[in-house]
Amino acid sequence: MPICARGTRLTYRSLVSAASAALMTVALFPAGAQSAPLAPGRGESTPVYSYENAIRESVWVDTRLDGDGDGRTDRVAVDIVRPVETERQGRRIPVIMDASPYYACCGRGNESQRKTYDAEGRPVQFPLYYDNYFVPRGYAFAAVDLAGTNRSDGCADVGGASDVQSAKAVVDWLNGRGHGYTTRTGTERADAAWSNGDTGMIGKSYDGTVANGVAATGVEGLRTIVPIGAISSWYDYYFAKGAPLYDSGPEWLSRYVNSPDARKRCQAVQQRLIDGAPRTGDLTPLWAERDYLPDAGKVEASVFAVHGMQDLNVRPGHFGQWWDALADEGVERKVWLSQTGHVDPFDFRRAEWVKTLHRWFDHYLLGYENGVDREPMADVEHAPDRWSTDRVWPPSTTRPTVLRPGKGAAPGVGALSLKPARPGASERFTDDRTQDETDWAAQADQSTPAKTAFITKPLGRDLRLSGSAEVEVTVTPTTSTAHLSAVLVDLGPDTIRDYADLGEGITTLAERTCWGASTPGDSSCYKETRARTKAVGHTVFSRGWADLGNYASAAQGRPLTPGAAYTISLDLHAADHIVPAGHRLALIIAGTDKDLIEPPASTPTLTVDLARTSAELPIVGGMPAFVRAVRSAPAATAAPDASLLGSVAGPRSIRPIPGGGNR
């Protein structure tokens, strides 16, 4: 089963899953329960239940935490919509859940929808289409206000125990292990006798991050998660090996999403976030609590991950390290990788996304044997609206291949090949905080003071890189502080999604299409989108950063001694990119990547020891594929002239808001 294992690796968990496949429908439903009706011959749930007449209710679930310190445990608001017919029949149904801090402050989706309520406080509008589409098909939908947000007690703590427990407590309640109430402060209990306990969590950005966190608790009843553009370690959202990615910490985001009342009562939480997340970039216990990677072994839910490979908000490194951790544990998983930035698949591949998500939930929540778990593991967008599939991801022939920088004919412009540089060979650059990766890439062939570039020969064959890369660099700084950047660039003309535009690769249209049933207060119709593209002369497709002061430890930085040499590894973000024949692959090493990392306290000049610098790249086909690509180019082939083409705009400064507003 390709979704169950990485390459040919088999695990106890995947074998058990395969052996019990025939029993899944029985296992997923309690005695006497029935599945939603099947469409004849299609093996999928169909919209046979009334959305207009569905039960809409609010429940406040006890989290068993007192995050705001008021002497009573916090309750989180859960707005639920479910078919009235299954209630009358006494049938128990599964739940699709989106736990979010954004239902009141910022909105969800491309149109920034918020929850709305009637005069009695009953929910009217549930943002996004999950309720409109899935409730008529026999599911319940639950929209959870994380602690401190909208109508919930407690305080938002940015990925910590309060955030995660906000959603986990609801899964427990759905499985009969927790307490729910009909009001925020009252004593009348609300049970979930209508639920069979099987829950699937979905959400983009912060919402998907919470899904990752809940899955990492191993909570019973969580059958699947669908994290879209989600964080796997909050430290890596704010820092890259000590280098700050923003000029503020998690206390800013906590205050941003907290309700007005929560801002007043959560000052102690705010202070703990400030004290526990110093701007030094050191790993502290606060960050350890918000790192879900060490608990990947607890994940029992299947995972359908989606990420934009040009997401400069929640960068694809979050997906890459989470994916690798899940793979090591044999977790059932699937992935879509797009060319967009921080965009939901509903807005870049709508019809195919809804169809696939429908089949995914039908399989993992209703137990239908529709084959979605046996299909190719990965869908990858290699050009706007052009997708391909892979049985496993990264492809099974991917091998880490070490390429090395070498001296060239001009200062700061060298070669990238398999050949090591001679001892003593070096290049140098001076950090320029006014430049970014697009400036470096546009001048890759030129001697410029702010970067050094290493470039392959023009390729005679396509070369595909798939997975996460690592650059090890040895440098000598002239000052006691220094930040480093490394980027991989495809040098050659192409048409790509314009991920640096405000739409991050999509254009929103006026026309609407409808996805499910509607009511006067909750429409299922959303504005269509199309790919926003741009002709470019080069494409930056992977990047990574570090504070050189973290050379000895990823957990703690230290001052540098000017004139001393230091070696550090930069983890480049996961990518899947094809460098076409005729193009060249470039590795650029520089200092501050403007608007992506904050500059150091000083302005260093750094000398790169080429003999002690290398890049380990995930090349499909490994070293032989690289050799064939560079050796098959005709001797007279010249570098492609892309001088008449532009590039995407440089990275823009963003607030540290993972998925707030329409992005």
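This briefing describes the strands, charged contacts and backbone features of one structure.

The structure is a predicted model, in which local features need pLDDT of at least 70 and side-chain atom pairs count only at pLDDT 80 or more, while totals for chains, interfaces and linings use all residues. Residues are numbered from 1 along each chain as its sequence is written, and side-chain values use heavy atoms, with hydrogens and water left out. Helices (H or I, at least four residues) and strands (E, at least two) are DSSP runs numbered from the N terminus.

- Strands of a sheet pair through backbone hydrogen bonds, in either a parallel or an antiparallel sense. Here, two strands are said to pair if DSSP finds at least two bridges between them.
- Strand E3 (residues 93-100) pairs with strand E6 (residues 140-145) in the parallel sense, over six bridges.
- Val95 stands opposite Ala140 in E6.

**Strand E21 and its partners**

- Strand E21 (residues 463-477) is largely enclosed by the rest of the structure, because 11 of its 15 residues are buried. Buried means under 20% relative accessible area, exposed means over 50%, and partly exposed lies in between (1.4 Å probe, protein chains only).
- E21 pairs with strand E26 (residues 566-579) in the antiparallel sense over 12 bridges. The bridge partner of Ser466 in E26 is Asp576.
- E21 also runs antiparallel to strand E29 (residues 614-620), to which four bridges join it. Glu472 has Ser614 as its bridge partner in E29.
- A further antiparallel partner of E21 is strand E28 (residues 605-609), joined by three bridges. In E28, Leu606 is the bridge partner of Pro477.

**A patch of negative charge**

- Glu470, Glu472, Asp571 and Glu616 gather in a patch of negative charge on the surface.
- Such patches are made of residues with over 30% relative accessible area and no salt bridge; like charges are joined within 9 Å, and nonpolar side chains (Val, Leu, Ile, Met, Phe, Trp, Tyr) within 5 Å. Lys and Arg count as positive and Asp and Glu as negative, whereas His and the chain ends are not counted.
- Glu616 is placed in strand E29, and its relative accessibility of 36% makes it partly exposed.

**Salt bridges**

- Side chains of opposite charge can pair when their charged atoms come close. A salt bridge is a side-chain nitrogen of Lys or Arg within 4 Å of a carboxyl oxygen of Asp or Glu.
- Arg64 and Asp172 meet through their side chains in a salt bridge of 3.2 Å, N to O. Arg64 lies in the loop between strand E1 (55-62) and strand E2 (75-82) and Asp172 in helix H5 (residues 161-174), so this pair ties together parts that are 108 residues apart in sequence.
- Asp172 also forms a salt bridge with Arg177, their closest N and O atoms being 2.7 Å apart.
- Asp172 is buried at 5% relative accessible area, whereas Arg64 is partly exposed at 43% and Arg177 is partly exposed at 35%.
- A network of salt bridges links Arg64, Lys168, Asp172 and Arg177.
- Lys407 and Glu427 form a salt bridge through their side chains (3.4 Å, N to O). Lys407 lies in strand E17 (residues 398-410) and Glu427 in strand E19 (residues 426-430), so the pair ties together parts that are 20 residues apart in sequence.
- Lys407 is partly exposed at 43% relative accessible area, while Glu427 is buried at 5%.

**Backbone features in loops**

- Trp393 and Pro394 are joined by a cis peptide bond, with omega at about -10°. Pro394 lies in the loop between strand E16 (386-390) and E17.
- Glu504 is not a glycine, yet has a positive phi of about 55°. This residue sits in the loop between strand E22 (483-497) and strand E23 (506-514), and Glu504 is buried at 8% relative accessible area.
- Asp595, also not a glycine, has a positive phi of about 70°. Asp595 is found in the loop between strand E27 (584-590) and E28, and is partly exposed at 30% relative accessible area.

Key. Accessible areas come from the Shrake-Rupley method with a 1.4 Å probe; for residues, only the protein chains shown count as cover. The place of a charge is taken as NZ of Lys, CZ of Arg, CG of Asp or CD of Glu.
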